[in-house]
Amino acid sequence: MPNAFLQTPVEYLKGVGPLRAELLKKEMGIFTYGDLLTLYPFRYVDRTKFHAIKDISPDLPYVQLRGRFVRVKTIGEKRAKRLSASFVDSSGEIELVWFQGIKWIADKFKGDKEYIVFGKPQLYNNKWNIAHPEVEEVSEENTRLANALQPVYPSTDKMKEKALDTKGIARLMKPLVALLDGKIEEIIPPAVMSQMKLMDREEAMRQIHLPSAPERLQKAEFRLKFEELFFLQLKLLKVKAQHHVEYKGYVFPTVGEKFNEFYKEHLPFPLTNAQKRVIKEIRHDMGSGKHMNRLLQGDVGSGKTLVALMSMLIAIDNGFQAGIMAPTEILAHQHYETISEFVKNMDVKVGLFTGSTKNAQRRELHTLLENGELDILIGTHALIEDGVKFKNIGLMVIDEQHRFGVEQRSRLWQKNIQPPHILVMTATPIPRTLAMTLYSDLDVSVIDELPPGRKPVKTLHRYDSHRLEVFGFIRDQIKLGRQVYVVYPLIKESETMDYKDLQDGYESISRAFPLPEYKVSILHGQMKAEDKDFEMRRFVKGETQIMVATTVIEVGVNVPNASIMIVESAERFGLSQLHQLRGRVGRGAEQSYCVLMSSHKLSSDAKLRLQTMVRTSDGFEIADVDLRLRGPGDITGTQQSGILNLKIADITQDAQILTYARNAASSLLKDDPDLQKTENVPARTHQTELQKDRATWSRIS
Ligand code: ADP
Ligand code: MG
């Protein structure tokens with residue numbers, strides 16, 4: 001039985017008339033008491049603590065001030081217009097600025113009243129200011145609440161017009177919380193409650209809105225975050241379990257002839273321990289009778305290709321075919337060459353299939369594929385386009401997964417009645433917490449070790465004004481026989497401005513590095529595949545020393561002699577992109593360098609990105625910073641952000657709770673897979689309720 005109290009329409013609440021009810025629905029999706037109760041405060045303000053203006057320092061993320069306005073004036077014209085106010089307390093003065101809502105704000109502040117100001121101080125021209133602070137008049141109500149932690153709620157402009165700002169919402173919460181009184185039953189199974197020492201649900205709902213003490217609030221937050229993540233994990237684990245029931249996997253019992261031949265006679269270097277471990281995991285999966293759906297994470301240069309090949313040899317040994325799908329033609333070519341080279345002395349037939357494969361060749365490939373003569377097919381997404389039929393594909397490797405959506409993954413399966421085992425390889429270090437949340441339908445293997453002898457890439461940040469110096473460095477390195485990438489940003493392939501940057505860059509590089517001494521290649525996404533290929537080959541063979549390119553070279557390209565990566569306008573790149581780009585160098589025996597060029601004007605986020613790159617080369621650390629800066633929705637693309645509709649938990653900050661929740665959910669399901677035991681029924685009911693809200697689930701897996 002769903003909880004009737006929580007289902008009560010919100011207009012029944014005191015203080016909510018039809019008008020406000022409509023607003024709550026439209027603006028916030030709040031229809032019921034339950035919805036309103038899960039409109040959680042995003043912060044609490046301790047009204048007892050104020051900072052003195054003179055004590056503002058860089059280590060205070062937020063400050064709360066109490067004082068008066070002395071001057072309010074509008075500065076600048078049109079788009080540069082802003083409202084500037086001087087705010088003083090007994091210790092000093094600070095500027096408050098607004099760029100929006102100027103008219104509305106300007107008339108609000110009265111010189112004779114006292115105000116509380118809350119915001120994030122920043123240094124501008126060596127002076128502190130606060131942009132768009134929260135301002136509120138010191139009133140009786142505030143003073144009365146002086147000892148309380150005051151919740152701050154999200155709101156919208158339209159809601160604020162009807163007095164549903166943070167205070168207005170707080171005023172609604174009070175009578176609502178008073179109604180709770182015994183109406184909220186527990187939904188987390190008792191064993192989990194006591195193991196995790198959780199606050200009960202009703203008390204947590206009360207405390208989150210009207211905290212009685214900081215410790216109680218903390219327990220309430222923990223409980224509600226745990227609850228949210230626990231039910232998320234229950235759901236995801238069920239999806240995964242169902243997957244294993246619905247899709248049986250081919251069983252590859254033997255590790256046979258080809259695998260052993262390769263391992264004993266053709267392995268070009270000893271495997272790293274991490275490679276060995278991962279191959280073992282894959283072998284186990286493919287021998288188990290379950291359908292393998294595995295994510296292989298390994299930082300750039302960690303040797304994923306070799307793992308892919310050896311996994312494919314297992315499929316071949318068991319009488320099946322295998323495929324690799326790459327996100328770009330360049331990469332498909334490169335895989336084709338690498339793999340062909342690895343198996344050149346073996347009886348393994350490898351084919352390449354991309355969008356630019358000629359018709360005659362296509363037909364030949366089709367025939368070879370269908371009669372089973374071709375063992376390994378390497379290609380782009382052209383592989384999943386209609387017409388490509390395998391005789392019996394047993395394993396599909398998807399390289400650089402972040403370019404392949406979930407949808408494309410599932411289209412692969414329709415090729416067969418029984419889906420091939422899937423190995424998704426990615427160098428984009430998906431933060432562990434995010435992987436656990438989003439890809440829990442995948443098992444995860446990690447290559448956490450680079451092949452021996454790699455020298456870490458030295459990373460430097462240089463301002464544009466030092467370009468000549470950087471050019472000098474490039475010259476010295478070319479004299480030593482090295483090659484250089486110079487990469488320009490290309491945010492959207494169609495932006496002509498970006499191409500202008502690239503063309504200008506190409507010209508200035510060509511001028512600084514003139515023929516005949518230097519030869520410069522250029523590569524971008526709008527070139528024909530053949531031309532791209534031609535340029536890439538010249539560079540690979542060492543015929544050109546400098547490769548001017550857009551991010552088309554971001555993923556996977558392997559030219560060990562290229563040891564310098566110059567990234568132009570590095571402030572315009574995201575962290576994971578920078579990390580990928582840096583991964584293009586450091587592949588040979590020589591010391592490699594990555595130089596991040598930027599202008600002097602840097603936002604604080606951009607600064608943090610560049611600093612992070614200079615500080616660390618650990619892909620996971622970089623991914624975590626990235627996640628913090630961008631938020632999870634952005635990282636995985638809008639397609640998947642919907643399922644992370646978390647109301648209180650934050651997977652970047654609550655990784656620990658997520659782990660607890662996952663473990664608890666996992667052992668619960670082991671004990672009672674369908675949640676049929678009496679003590680688990682409330683959890684099951686709640687799960688069903690949640691599912692009604694979230695049609696989006698079906699998109700995973
Ligand atoms: P990525 O994981 O980025 O795809 P690659 O598979 O391209 O990495 O491998 C990077 C380089 O390391 C290649 O030149 C490859 O031949 C080499 N390599 C792979 N495994 C080993 C190993 N065990 N020992 C030495 N070099 C290796
Ligand atoms: Mg690779």
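**Around ligand 1**

A backbone N or O atom of Ser 302 lies 3.4 Å from an oxygen atom of ligand 1. For Gly 303, a backbone N or O atom is 3.1 Å from a ligand oxygen atom. Thr 305 uses its side chain: a polar atom there lies 2.6 Å from an oxygen atom of ligand 1. These are polar contacts, meaning pairs of N or O atoms within 3.5 Å. The protein covers 84% of the 570 Å² of accessible area that ligand 1 has on its own; such areas come from the Shrake-Rupley method with a 1.4 Å probe.

This is a predicted model, where local features need pLDDT of at least 70 and side-chain atom pairs pLDDT 80 or more, while totals for chains, interfaces and linings use all residues. Residues are numbered from 1 along each chain as its sequence is written, chains are lettered from A and ligands numbered from 1 in written order, and side-chain values use heavy atoms, without hydrogens and water.

Now the whole shell. Ligand 1 is surrounded by 17 residues, each with a heavy atom within 4 Å of it. Gln 275, Gly 301, Lys 304, Thr 305 and Arg 454 are the closest. By class, the shell has 6 nonpolar, 7 polar and 4 charged residues. Here Ala, Val, Leu, Ile, Met, Phe, Trp, Tyr, Cys and Pro count as nonpolar, Asp, Glu, Lys and Arg as charged, and the others, Gly among them, as polar. Helix α13 gives the largest share, 3 residues. Helices are DSSP runs of H or I, at least four residues, numbered from the N terminus.

How values were computed: A polar contact is a pair of N or O atoms within 3.5 Å; within protein, one must be able to donate a hydrogen and the other to accept it, and residues adjacent in sequence count only if both atoms are side-chain atoms. Helices (H or I, at least four residues) and strands (E, at least two) are DSSP runs, numbered from the N terminus.
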